[in-house]
Amino acid sequence: MRSRRAALTLLVVAVAVAFWIVVGRPSVPSSPEGSSDPAPAELVDIPLTSIVLGDPFMRNVAEQPGMVHVALVAATARLQLVDGVTSDVYAYNGQVPGPTLELREGDRVTVRFRNELPEPTTVHWHGLSLPIDSDGSPLDPVLPGEEKQYTFTVSAGSAGTYWYHPHPHHETTSQITRGLYGAVVIRAPDDPLPASYTERLLVLSDNRILADGTFDLTEPTTLQGQIDHQNGREGGLLFVNGEIVPTLDIRSGEIQRWRIVNASASRVYRLAIEGQTFLHVGSDGGLFERPVEIDELLIANAERVEVLVTGTGAPGSTAVLETLPYDRYMPQTRPADWDQPRELLTLRYTDAPPVTPDPVPETLRPIPYLDPAQASATREIVMAQGMINNRIFDMDRVDVAALLGATEIWEVHNVVGMDHPFHLHGFQFQILDRNGVPEPFRSWKDTFNVPKHETVRFIVRFADHPGKWMFHCHILDHEDQGMMGIVEVT
Ligand code: C2O
Ligand code: CU
Ligand code: CU
């Protein structure tokens, strides 16, 4: 994989040297009173010089097993996202996408984060269960030149694919557009899938970049700005791990395990490989109870999937992973080319003779049942254009007050004529039904699409981690416009 790397070495090294001298202080911790979470740990000494530019993984410098200490810097850089055109980007550790954070269940993690950007930012660990102080929500900005240590323990049973991205008030769209996003992979000690399956991580994103390399970020006063405001910003450049239509190798007969992250601001992917099915084995919060065979995969913004792809082609042949048309739009702002399939990557069969893979296990892992009869509250969440429950986000308002330990049912209605993907921070939940149709099997989710005029119900247990947690539409422009609320768990 050829990823996009920075030549900003000097800056990072200078910063690192400065920090050998001055130990950064974290931004103000906002530990809620009566929290059952421990107070933020003492600052851990993680040298910024441990950052390896261009390393596809964050480097763990902890000495004890079970501990993960990594350094992460967000800084400006100049990169070629499109061949031959240089862009001024925002990058984590000098690359777009940022380096992957690889963890194991039970790990005690500290990320030393430094903001070298000219504006406030945060690092949000999308989908992870962690203390509120480490959620990186808009309530916890890291100012330019400041540092914060994010600390958490990786919970048992959370093995899966997650991602991290900025979440500053009003500026999430522009910061992710400029290059700030990366994956988190959590591994289980008892992963049921054969280790012989080649694993691939595919981070999907899209962008609009002008001929001079500038990101086409619009003002709401322009026509394109109004379209972006409504649809969420989409671009015609489709990237997989920062590459346009990359080639992946597969051997005839082999099974590959793909982890896919939709890191796009608003594009929904409907993935298919012609003439071939997928075995869908997992979603946001990890593996299902058993594999499910499907022809295509719909992945809304911020969702993740795990699928098994079998190399059914002949040695030397090729296949294409496409995204098929999906109509999430209002008719007035639907893009003219919305009904065109797009190529995402080429699958190239090696010349090696076909192999027989290790069989796919019939069962993967048990997923606990959350009993709706135990729910102590049912919440109505109404998503309309730019608003939730008729209100615009207010950092000083609590929209939903929930009790620590309570099980609740949330009923999310989309009352308008375009899709809105709903996301809740900090807690994995289970979908009960969609428009009254029971979900066919249990899975852990943190994000789901709510199609036009539809209703989705989920059940959640606020088992741990008191604090003010965000819930919002994950079309980033909508989130920035205030399609977000706060559930305070006390
Ligand atoms: Cu992907 Cu509020 O987050
Ligand atoms: Cu999140
Ligand atoms: Cu929305």
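In this predicted model, strands β16 (residues 269-273) and β21 (residues 318-323) pair in the antiparallel sense, with 3 bridges between them. Across this pairing, L271 faces T323 of β21.

Both strands belong to an open sheet of 5 strands with mixed pairing, ordered β14-β22-β21-β16-β19. On average, and with direction ignored, its neighbouring strands are turned by 25° against each other.

A further open sheet has the order β25-β33-β32-β27-β30. It has 5 strands, and its pairing is mixed. Here the edge strands are β25 (400-402) and β30 (447-450), each of them pairing on one side only. Neighbouring strands are turned by an average of 25° against each other, again with direction ignored. Within this sheet, β27 runs antiparallel to strand β32 (residues 467-473), and 3 bridges join the two. H423 is placed opposite H472 of β32 in this arrangement.

The copper ion (ligand 2) has H124 and H423 as its protein donors, each through NE2, and they lie 1.9 Å from the ion. These two histidines come from distant parts of the chain, being 299 residues apart. H124 sits in strand β7 (residues 124-126), whereas H423 sits in strand β27 (residues 420-424). H124 and H423 are both buried.

Technical notes. Residues are numbered from 1 along each chain as its sequence is written. Chains are lettered from A and ligands numbered from 1 in the order in which they are written. This is a predicted model: local features need pLDDT of at least 70, side-chain atom pairs count only at pLDDT 80 or more; totals for chains, interfaces and linings use all residues. Side-chain values use heavy atoms; hydrogens and water are left out. Two strands pair if DSSP finds at least two bridges between them. Helices (H or I, at least four residues) and strands (E, at least two) are DSSP runs, numbered from the N terminus. Axes are lines fitted to C-alpha atoms, for helices over the stretch in contact, and angles run from 0 to 180 degrees between N-to-C directions. Donors are N, O and S atoms within 2.8 Å of the metal (3.2 Å for Na, K and Ca); water is not among the atoms, so sites may look incomplete. Buried means under 20% relative accessible area, exposed over 50%, partly exposed in between (1.4 Å probe, protein chains only).
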